[in-house]
Amino acid sequence: MKKSLEVIGFLLALFGVAGVVRELTDGWFRLLGVTRFLTENVGFLEGRELFADIVIAVLGVVLLIVSDRVPRKS
């Protein structure tokens with residue numbers, strides 16, 4: 001459980017930061033826009049792509065913090 005939370009948290013943080021970089025450079029880094037599929041296909045996120053990417057990055061960091069508090073099974 002701990003390892004899966006770490007992996008999911010790392011990927012979410014990475015995708016969120018990559019999305020923020022992509023939005024701040026007006027899509028110059030097209031390969032970094034992994035979250036672009038989420039923000040373009042969900043209607044209420046239209047025009048709020050930067051906010052959505054920041055939320056995804058913060059969620060990833062929160063999962064990384066939570067994974068440190070989960071006891072490791074032996």
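How many helices and strands does the secondary structure of the protein chain come to? The count is 3 helices and 0 strands, where helices (H or I, at least four residues) and strands (E, at least two) are DSSP runs numbered from the N terminus. Read along the sequence, this gives the pattern α-α-α. The model is a predicted one, in which local features need pLDDT of at least 70 and side-chain atom pairs count only at pLDDT 80 or more, while totals for chains, interfaces and linings use all residues. Residues are numbered from 1 along each chain as its sequence is written, and side-chain values use heavy atoms, with hydrogens and water left out.

A look at the whole chain comes next. The C-alpha trace spans about 45 × 25 × 15 Å along its principal axes. The chain has 74 residues, and 30% of them count as buried; here buried means under 20% relative accessible area, exposed means over 50%, and partly exposed lies in between (1.4 Å probe, protein chains only). The accessible surface comes to about 5,500 Å², with 69% of it belonging to carbon and sulfur atoms; such areas come from the Shrake-Rupley method with a 1.4 Å probe, and for residues only the protein chains shown count as cover. Among contacts (heavy atoms within 4.5 Å) with a separation of 6 or more, 62% join residues 24 or more positions apart.

The buried residues of α3 are Glu 49, Ala 52, Asp 53, Ile 56, Ala 57, Gly 60, Leu 63 and Ser 67. They cover an arc of only 140 degrees around the axis, which puts them on the same side of α3; the arc is that of the directions from the helix axis to the C-beta atoms. These buried residues pack against α1 (2-24) and α2 (36-41). On the other side of α3, Phe 51, Asp 68 and Arg 69 are exposed. Val 55 also lies in α3 and is partly exposed, with a relative accessible area of 41%. The C-alpha atoms of Val 55 and Ala 18 are separated by 12 Å, the two residues being 37 apart along the chain.

The surface also carries a nonpolar patch, formed by Leu 24, Leu 50, Ile 54, Val 58, Val 62 and Val 66, with about 490 Å² of accessible area together. Patches are made of residues with over 30% relative accessible area and no salt bridge, with like charges joined within 9 Å and nonpolar side chains (Val, Leu, Ile, Met, Phe, Trp, Tyr) within 5 Å. Helix α3 supplies the largest share of this patch, 5 residues.

Finally, a search of the whole structure finds 2 salt bridges, each a side-chain nitrogen of Lys or Arg within 4 Å of a carboxyl oxygen of Asp or Glu. In one of them, the side chains of Lys 3 and Glu 6 meet at 3.8 Å, N to O. Lys 3 and Glu 6 are 3 residues apart in helix α1, so about one helical turn separates them. Lys 3 counts as exposed, at 57% relative accessibility. Another salt bridge joins the side chains of Arg 22 and Glu 23 at 3.4 Å, N to O. Arg 22 is buried, with a relative accessible area of 11%, whereas Glu 23 is partly exposed, at 25%.
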